[in-house]
Number of protein chains: 2
Amino acid sequence: MTEFWKELPEISAKLDAVRARMKDVVGSGRFPLAEPVQELIDANGKMLRPAFLIMAGRFGKRPKDLTDLAAAVELLHVATLIHDDVIDASDTRRGIPTVHSRYGAKDAVLAGDWLFSRCFRLASESSSPENARLLAALIGALCSEEIHQDLERYSWPRSERNYLRKIAGKTAALFSLSLRAGAVEAKASPSTVAALTRAGYAAGMAFQVMDDVLDYESSEGAMRKPVASDVREGLCTLPLILAMRAVPGRFEPLLAAVGRGLARPDDAAIGAIVDAVRESGAISSSRDLASAYTGRAMRELSRLPPGTPRDELRGTVERLLSRDY
Amino acid sequence: MTEFWKELPEISAKLDAVRARMKDVVGSGRFPLAEPVQELIDANGKMLRPAFLIMAGRFGKRPKDLTDLAAAVELLHVATLIHDDVIDASDTRRGIPTVHSRYGAKDAVLAGDWLFSRCFRLASESSSPENARLLAALIGALCSEEIHQDLERYSWPRSERNYLRKIAGKTAALFSLSLRAGAVEAKASPSTVAALTRAGYAAGMAFQVMDDVLDYESSEGAMRKPVASDVREGLCTLPLILAMRAVPGRFEPLLAAVGRGLARPDDAAIGAIVDAVRESGAISSSRDLASAYTGRAMRELSRLPPGTPRDELRGTVERLLSRDY
């Protein structure tokens with residue numbers, strides 16, 4: 001986090017305040033797992049969502065302290081991380097032992113639930129009813145899309161529209177809400193709120209498409225094994241969808257090796273799929289779509305009133321989408 | 001549910017409307033697990049919390065439709081049931097297969113999270129900010145006390161105060177909030193709100209103490225094996241606490257057979273503990289405490305303005321606490 005924000009000391013300082021507030025909230029009352037959750041907060045990454053919220057708040061007519069709302073948004077994220085670790089039975093996250101591995105599934109599920117409730121309480125105390133509702137709607141959409149994604153695993157649906165709807169709910173909605181909520185709270189003009197909402201959406205779409213591209217492009221280990229964690233887990237993302245369309249009939253036999261209930265696919269089977277995707281030209285078509293979304297995000301941002309808030313937000317989105325960090 | 005409310009057709013009809021609203025909410029949008037959750041709603045029990053909320057709303061100065069808020073309160077309960085089934089890896093609940101057994105832990109955790117968010121959204125749309133906040137605080141207290149309880153398992157803490165604090169957060173707070181929220185929404189007088197809040201608290205305490213007593217009193221199967229599920233799971237409830245105090249030194253050797261990581265205790269070991277609790281006189285002391293709370297609840301209820309709402313609420317609490325249903 002310090003790395004990513006080091007050129008923007010004002011944002012960095014505000015994020016430190018958000019982190020302190022989150023730790024306060026977690027340490028308050030009778031919550032018994034304050035310590036491991038506080039450690040997770042300290043190890044937390046770029047804190048993009050609260051940063052977007054705070055950056056959007058700088059476009060408002062009246063300055064408002066958004067620390068509480070930003071803390072609520074990020075606590076939601078921490079809650080989902082804790083539940084993710086239960087679901088995946090993960091032992092560590094960012095190098096520290098997970099709540100799940102230290103206290104078991106029961107307490108980890110409950111700790112996530114506690115954080116959800118604490119986040120909604122904080123949001124309802126610190127923001128407009130509209131934003132409290134948006135936050136609840138957002139986390140609902142996120143859970144709902146995650147379930148859809150899970151139910152579709154290993155069925156390799158080849159609808160681009162279906163894919164776009166899923167990543168809209170999973171990623172774009174989060175980026176969009178963070179920017180929108182900050183602008184609404186700070187009473188920015190309707191046109192600024194609208195531009196930030198659309199910019200967040202487009203930036204989120206670009207970010208997720210690139211994530212899915214990178215999953216096909218990266219490799220690891222001395223043997224340069226393809227990572228391809230999505231296809232290993234039965235997830236059908238844009239590169240595979242476009243590849244299946246580009247080369248009809250090519251993927252069915254390859255994907256037969258990756259299925260629910262089958263043995264873990266070996267690296268040769270995965271490597272064959274990745275090679276076929278790369279050869280199909282689908283990677284560059286996917287990159288084109290990401291670029292189109294990036295362009296849309298940058299255009300929306302250029303509609304904002306000129307000044308430092310706009311320059312810093314544009315710089316941040318650009319750096320984020322070009323993975324230059 | 002029909003059985004419990006059959007003498008109160010007005011309440012019964014309103015609970016049907018709450019159930020219909022809950023099923024609407026679950027069926028709306030893109031939530032992919034609507035069907036199993038709707039089945040769970042149909043199989044749901046007495047719906048005490050929404051019933052209390054609606055009954056308390058009848059003391060208000062102005063009638064208000066509390067269907068949405070009641071649905072929100074009960075959806076919270078359904079969310080916790082779904083997470084409980086993940087935690088306990090249960091296959092069925094009320095005779096129907098659990099979301100966990102049908103779709104796996106991942107989708108069940110996410111479905112519970114979706115319901116949490118949907119409930120908070122509904123509450124923030126349909127109630128005063130105060131009640132939306134109370135609801136969030138309540139679910140937080142519930143999760144927090146459940147974690148405390150889990151962390152204390154097999155340590156047999158003998159503090160009565162600690163026990164009372166736990167059941168206050170787990171059960172009494174839910175009863176109390178349901179009555180309070182209904183009265184607040186319907187603009188009941190401050191003294192009525194206060195009496196209902198206290199009555200709900202006392203009734204919840206009485207209900208939970210009796211639950212814990214019944215766990216020591218009931219037996220099952222042809223051999224009349226003691227149920228004693230609490231002590232089997234390492235939970236230290238009031239009868240055991242009072243027994244350990246009444247007969248110092250008696251329980252340490254018996255409880256050594258029940259511990260985290262030990263083999264499942266056999267029925268003889270459990271039977272010996274239950275017998276010792278019964279012989280200690282702790283059951284009747286526990287019943288005395290439940291009676292004291294019941295008396296307090298009934299006294300608070302008698303302070304309410306006379307009329308049908310009071311008579312029906314008193315009758316319901318009486319029936320509930322005497323387990324006459």
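The model is a predicted one. Chain A can be laid on chain B with an RMSD of 0.0 Å by a turn of 180 degrees, with a shift of 0.0 Å along the axis, and the two copies are thus related as by a two-fold rotation axis.

**How the two chains meet**

- In the contact between the chains, 37 residues of chain A are in contact with 37 residues of chain B.
- On the side of chain A that touches chain B, at least two residues each are supplied by H5, helix H6 (99-126) and helix H7 (129-151) of chain A, and H6(A) gives the most, with 15 residues.
- Sorted by class, that side of chain A has 20 nonpolar, seven polar and 10 charged residues.
- Because 100% of the interface residues of chain A are also interface residues in chain B, the copies meet through the same surface.

**The two domains of chain A**

- The domain assignment of chain A gives domain 1, covering 1-127, and domain 2, covering 157-303.
- The C-alpha centres of domain 1 and domain 2 of chain A lie 25 Å apart, and 17 residues of domain 1 of chain A are in contact with 14 residues of domain 2 of chain A.
- On the side of domain 1 of chain A that touches domain 2 of chain A, the elements giving two or more residues are helix H4 (48-57) and helix H5 (67-87) of chain A, with H4(A) giving the most, seven residues.
- By class, this side of domain 1 of chain A has 10 nonpolar, three polar and four charged residues.

**Covered helices in chain B**

- Helix H4 (residues 48-57) of chain B is mostly covered, since 10 of its 10 residues are buried; among them are Leu48(B), Arg49(B), Pro50(B), Phe52(B) and Gly57(B).
- The buried residues of H4(B) pack against helix H2 (9-27), helix H5 (67-87), helix H8 (160-185), helix H9 (190-217) and helix H15 (308-321) of chain B.
- Helix H7 (residues 129-151) of chain B is also mostly covered, with 18 of its 23 residues buried.
- At 1.5 Å a residue, the 23 residues of H7(B) should span 33 Å, and this agrees with the end C-alpha atoms of the helix, which are 33 Å apart.

**The nonpolar core and Ala206**

- In soluble globular proteins, nonpolar side chains tend to be buried together.
- The largest nonpolar core in this model has 221 residues, and those with the most contacts inside it are Ala206(A) and Ala206(B).
- Leaving aside its neighbours within four places in sequence, Ala206(A) is in contact with Ala290(A), Tyr293(A), Thr294(A), Ala297(A) and Leu321(A).

- Ser286(A) is found in helix H14 (residues 282-302) of chain A, and Ser286(A) counts as buried because 24 other C-beta atoms lie within 10 Å, where the cut-off for buried is 20 or more.
- Beyond its neighbours within four places in sequence, Ser286(A) is in contact with Val209(A), Val213(A), Leu238(A), Pro239(A) and Leu242(A).
- Ser286(A) and Ile241(A) are 45 residues apart in sequence, and their C-alpha atoms are 9.7 Å apart in space.
- Ala246(A) is found in helix H11 (residues 238-246) of chain A, and Ala246(A) is partly exposed, with 16 other C-beta atoms within 10 Å.
- Apart from its neighbours within four places in sequence, Ala246(A) is in contact with Ser280(A), Gly281(A) and Ala282(A).
- Ala246(A) and Ser124(A) are 122 residues apart in sequence and 49 Å apart in space, taken from C-alpha to C-alpha.

**Trp156 and its backbone angle**

- Most residues other than glycine have a negative phi.
- Trp156(A) has a positive phi of about 45 degrees although it is not a glycine, and a positive phi of about 45 degrees is also found for Trp156(B).
- Trp156(A) has its place in the loop between H7 and helix H8 (160-185) of chain A, while Trp156(B) lies in the loop between H7 and H8 of chain B.
- Trp156(A) is partly exposed, with 18 other C-beta atoms within 10 Å, and Trp156(B) is partly exposed as well, with 18 other C-beta atoms within 10 Å.

Terms used: Residues are numbered from 1 along each chain as its sequence is written. Chains are lettered from A and ligands numbered from 1 in the order in which they are written. This is a predicted model: local features need pLDDT of at least 70, side-chain atom pairs count only at pLDDT 80 or more; totals for chains, interfaces and linings use all residues. Copies are superposed by least squares on the C-alpha atoms of residues with pLDDT of at least 70 in both. Two residues are in contact if their C-beta atoms, placed from the backbone, lie within 7 Å. Domain bounds come from an automatic or database domain assignment. Helices (H or I, at least four residues) and strands (E, at least two) are DSSP runs, numbered from the N terminus. Ala, Val, Leu, Ile, Met, Phe, Trp, Tyr, Cys and Pro count as nonpolar, Asp, Glu, Lys and Arg as charged, and the others, Gly among them, as polar. A residue is buried if 20 or more other C-beta atoms lie within 10 Å of its own, exposed if 12 or fewer, and partly exposed in between; C-beta atoms are placed from the backbone. A nonpolar core is a set of buried Ala, Val, Leu, Ile, Met, Phe, Trp, Tyr and Cys residues joined through C-beta atoms within 7 Å. The expected span of a helix is 1.5 Å times one less than its number of residues.
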